[in-house]
Amino acid sequence: MNLELALRMTEAALRQAIREGASISVAVVDEGGNLVSFQRMDGAEISGPALAAGKAYTSVALRRDTADVARHLTRGGELAGLPRERFVAVGGGIPLWADYGEGERVVGGVGVSGGSVAQDVVCAEAAAVVWRTR
């Protein structure tokens, strides 16, 4: 993950948000969950910065889409004891994978917040496409 690519990813998410009619915040993090790029559209929710970064972090830390996390947090689920301070279990976070010949590993994540969950997921996917086609 580098800044130039992360900026292209955030721009792709913002373009998709305009098409969706949503005002979003978008965050791209590296493999350690550290923020590389962040943008917030005018009029986006005040919770967006924290939630977008949280979704990106969660997708890296748990190596799965955040939309998949919620069902595993229920009583008896595999993630039931997960502390909720930094993890966000709402759709809109996608891990970014790279293959280094020794199997795949997560090398970053993207998180989007501000639209409906469906809009957040579509915008995050637009950013992830930039990663996959780099």
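**Labels and the values behind them**

Modeller: G92 is buried, because its relative accessible area is 3% and the cut-off for buried is under 20%. Keep in mind that this is a predicted model.

Biologist: Where does G92 lie, and which residues is G92 in contact with?

Modeller: G92 sits in the loop between α3 and β3. Beyond its neighbours within four places in sequence, G92 is in contact with K55, T66, V110, G111, V112, D120, V121 and A124. Contact here requires heavy atoms within 4.5 Å. As for Q39, 53 residues from G92 in sequence, the C-alpha to C-alpha distance is 15 Å.

Biologist: V90 lies in the loop between α3 (66-73) and β3 (93-99). Why is V90 called partly exposed?

Modeller: The relative accessible area of V90 is 37%. Buried would need under 20% and exposed over 50%, so a value in between is partly exposed.

Biologist: What makes V90, V117 and V121 a nonpolar patch?

Modeller: The rule asks for nonpolar side chains within 5 Å, on residues with over 30% relative accessible area and no salt bridge. V90, at 37%, passes the area condition. Together V90, V117 and V121 form a patch on the surface with about 200 Å² of accessible area.

Biologist: What is the result for α4?

Modeller: The 16 residues of α4 should span 22 Å, and its end C-alpha atoms are 22 Å apart, so this agrees as well.

Biologist: Which residues of α2 and α4 are buried?

Modeller: In α2, the buried residues include G48, A52, K55, A56, Y57 and L62. In α4, they include Q119, D120, C123, A124, V130 and W131.

Biologist: Why is V60 called buried?

Modeller: V60, which lies in helix α2, has a relative accessible area of 9%. The limit is under 20%, so V60 counts as buried. Leaving aside neighbours within four places in sequence, V60 is in contact with V29, D30, E31, G33, V106, G108 and G109. V60 and V88 are 28 residues apart along the chain, and their C-alpha atoms are separated by 11 Å.

Biologist: What makes a set of residues a nonpolar core, and how many residues has the largest?

Modeller: The residues must be buried, belong to the listed nonpolar types and be joined through side-chain atoms within 4.5 Å. The largest such core has 24 residues, and M9, A13, I24, V26, V110, V112 and W131 are those with the most contacts inside it. The elements giving two or more residues to this core are α1 (3-20), β1 (25-30), β3, β4 (104-113) and α4 (117-132). The largest share, seven residues, comes from α1. Apart from this core lies another, of six residues, among them A27, V29, A56 and V106.

Biologist: Which residues does V26 touch?

Modeller: Not counting residues up to four places away in sequence, V26 touches T10, A13, L14, S37, F38, Q39, A52, V110, G111 and V112.

Biologist: Why are R105 and E31 called a salt bridge?

Modeller: Their closest N and O atoms are 2.6 Å apart. The cut-off is within 4 Å, so the pair qualifies. R105 lies in strand β4 and E31 in the loop between β1 and β2 (35-40), so the pair ties together parts that are 74 residues apart in sequence. R105 is partly exposed at 32%, and E31 at 44% also counts as partly exposed.

Biologist: What about E4 and R8?

Modeller: E4 forms a salt bridge with R8, with the closest N and O atoms 3.2 Å apart. E4 and R8 are four residues apart in helix α1, so about one helical turn separates them.

Biologist: How do you know that D68 and R64 form a salt bridge?

Modeller: The N to O distance is 3.8 Å, and the cut-off is within 4 Å, so D68 and R64 qualify. R64, D68 and E78 are linked in a network of salt bridges. The whole structure has six salt bridges.

Notes: Residues numbered from 1 in each chain as written. Predicted model: local features only at pLDDT ≥ 70, side-chain atom pairs only at ≥ 80, totals over all residues. Heavy atoms only, no water. Buried < 20%, exposed > 50% of the residue type's maximum accessible area, 1.4 Å probe, protein only. Patch = residues over 30% accessible without salt bridge, like charges linked within 9 Å, V, L, I, M, F, W, Y side chains within 5 Å. Areas by Shrake-Rupley, 256 points an atom, 1.4 Å probe, with all protein chains shown as cover. Salt bridge = Lys/Arg side-chain N within 4 Å of Asp/Glu carboxyl O. Expected span 1.5 Å × (residues − 1).
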